[in-house]
Amino acid sequence: MKENACQESAYDVALRQYDAVADKLDIDPGIREMLRHPRFAVEVAFPVKMDDGTVKVFKGYRVIHNTARGPGKGGIRYHPDVTFEEVKALSMWMTWKCAVVGLPFGGAKGGVTCNPLEMSQGEIERLTRRFTTEISDVIGPATDIPGPDVFTNPQVMAWMMDTYSTQKGRFVPGIVTGKPIPLGGSLGRAQATARGLVICIREAAKELGLPLNSLRIAVQGYGNVGSNVVSILNGYGCKIVGVTDVMGGVFCEAGLDPAAMTTQLRETGSVEGTPGTDSLSNAELIELDCDVLVPAAIENQITKANAGKVKARMIAEGANGPTTPEADEILSDKGVMVIPDVLANAGGVTVSYFEWVQNLMNFYWTEEEVAERLERIMTDSFASVLGTAKEKGTNLRAAAYNLAILRVAEAMKLRGVCR
Ligand code: NAD
């Protein structure tokens, strides 16, 4: 997530990924150019009263990249490294993600530059309510629907929904997704990203001729996505050989015990030191001897410096943007199958879409119905991306971008935006 003057920004990476595919597509030059820019972006500065009585000013952003296929959709991130450039990149990736899995949404993203780990719950609530008020003319259940992202959670979504509903004088659950279940959240949302990721791994393993229950797995990040992926794959009989988090990591050739790691995390704040394991660094994890590597933490983890040393047959991107374009090329040349973020982690936004639909209908589905619909969308989307990759002779990322850009460009053309 960290960006500095010497490092390419996430937005530069997003543009490079877009340009590389768009250059080969027969799309209207005006549409091609428009898709390089956010349609709408707002930067706000707002005051928050802190617990010690002082007033601190925070900067927040909401960017809507494209709405040709439907309202903007994308999470709100609270993190010290949040920048306008990062939010712009994330909003563009959301456009492609929604289009790859065929959701009737455009792409958006938001963020506040803050460190919630050093703030009290009261401070986070006041920040959330004030930020929601600042962007309340931008967001709306028919225009732009936020959701949770890094360091925001169902409680933050509940505060956003309450603030917006209070301003409108009515209950508006469809303003955000990822809400707690009693406030209109969807069953199955918490595990949705991991479930979608596992469906992709299962389909990719079939393609590579690898039996699912023989896979050796390494996972970076043991939060919502990483811990649920570990638990589901462990249930399928896969061997989890390595797991890391921000503080350190663990390795066990015979297979790690998810329950023991979860206990260790709860008691110490990290999986590091789980009894019966050896310690493992994040750098070692990327190069670990395994079949499937799942980056499920932050951006820019697989780079030109370590991509050549990756031993996994498959990388399933739980995180957004974990692989740099240079690393992507190296991995393609090595024959490593990379399931790109815009497909691999799309289970989350898919069930967010289900949540929004349930809110609009005021009619709620069972967890089985949610899982069944997610299964269908993810399996079909994986097949479309794989089919396009084979037809065009590209890797899966280029194929996913190819499908997504054409779908968005077609919607823009049909609307008569650029002729
Ligand atoms: P989380 O905050 O629940 O967990 C993040 C994990 O990453 C933690 O275990 C943390 O210790 C670890 N981590 C943080 N910095 C790290 C570092 N420098 N090195 C190694 N590990 C580090 O977040 P999450 O919801 O699991 O999201 C993880 C990634 O997946 C993010 O990139 C997010 O944008 C993406 N994602 C999440 C969802 C979702 O539904 N939660 C959906 C799509 C994409």
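Helices (H or I, at least four residues) and strands (E, at least two) are taken here as DSSP runs, numbered from the N terminus. The model is a predicted one, so local features need pLDDT of at least 70 and side-chain atom pairs count only at pLDDT 80 or more, while totals for chains, interfaces and linings use all residues. Residues are numbered from 1 along each chain as its sequence is written, and side-chain values use heavy atoms, with hydrogens and water left out.

Start with the loop that links strand S4 (106–113) to helix H4 (121–134), which is where Asn-115 sits. Asn-115 is partly exposed, its relative accessible area being 22%; on this scale buried means under 20%, exposed means over 50%, and partly exposed is whatever falls in between (1.4 Å probe, protein chains only). Between the C-alpha atoms of Asn-115 and Met-50 there are 13 Å, with 65 residues separating the two along the chain.

S4 itself is a rather hidden strand: seven of its eight residues are buried, so the rest of the structure largely encloses it. Strands count as paired if DSSP finds at least two bridges between them. With strand S2 (residues 55–66), S4 pairs in the antiparallel sense over six bridges, and here Gly-60 stands opposite Val-112. With strand S3 (residues 72–79), S4 pairs in the parallel sense, again over six bridges, and Ile-76 has Gly-110 of S4 as its bridge partner. To get from S3 to S4 the chain goes through helix H3 (residues 84–100), a β-α-β crossover that is right-handed. Right-handed means that, with the strands pointing away from the viewer, the path from the first strand over the helix to the second runs clockwise.

Next comes an open sheet of seven strands, in the order S9-S8-S7-S6-S10-S11-S12 and with mixed pairing. Its edges are strand S9 (278–279) and strand S12 (337–339), each of which pairs on one side only. Within this sheet, S7 (residues 239–244) has five of its six residues buried, so it is largely enclosed by the rest of the structure. S7 runs parallel to strand S6 (residues 216–220), and five bridges join the two; Ile-217 stands opposite Ile-240 in S7. Together with helix H7 (residues 224–235), S6 and S7 make a right-handed β-α-β unit. S7 also pairs with strand S8 (residues 249–251), this time in the antiparallel sense over three bridges, and Gly-242 has Phe-251 in S8 as its bridge partner. The hairpin joining S7 to S8 goes through four residues.

Finally, a helix pair. Helix H1 (residues 10–22) and helix H14 (residues 396–414) pack at an angle of about 75 degrees, with axes 9 Å apart; axes are lines fitted to C-alpha atoms, for helices over the stretch in contact, and angles run from 0 to 180 degrees between N-to-C directions. H1 and H14 are therefore roughly perpendicular to each other, a label that covers 65 to 115 degrees. On the H1 side, Gln-17, Tyr-18, Val-21 and Ala-22 meet Arg-397, Ala-398, Tyr-401, Asn-402 and Ile-405 in H14, where contact means heavy atoms within 4.5 Å. By class, the contact of H1 with H14 has six nonpolar, two polar and one charged residues. Ala, Val, Leu, Ile, Met, Phe, Trp, Tyr, Cys and Pro count as nonpolar, Asp, Glu, Lys and Arg as charged, and the others, Gly among them, as polar.

Notes
Parallel < 35°, antiparallel > 145°, perpendicular 65-115°, else oblique.
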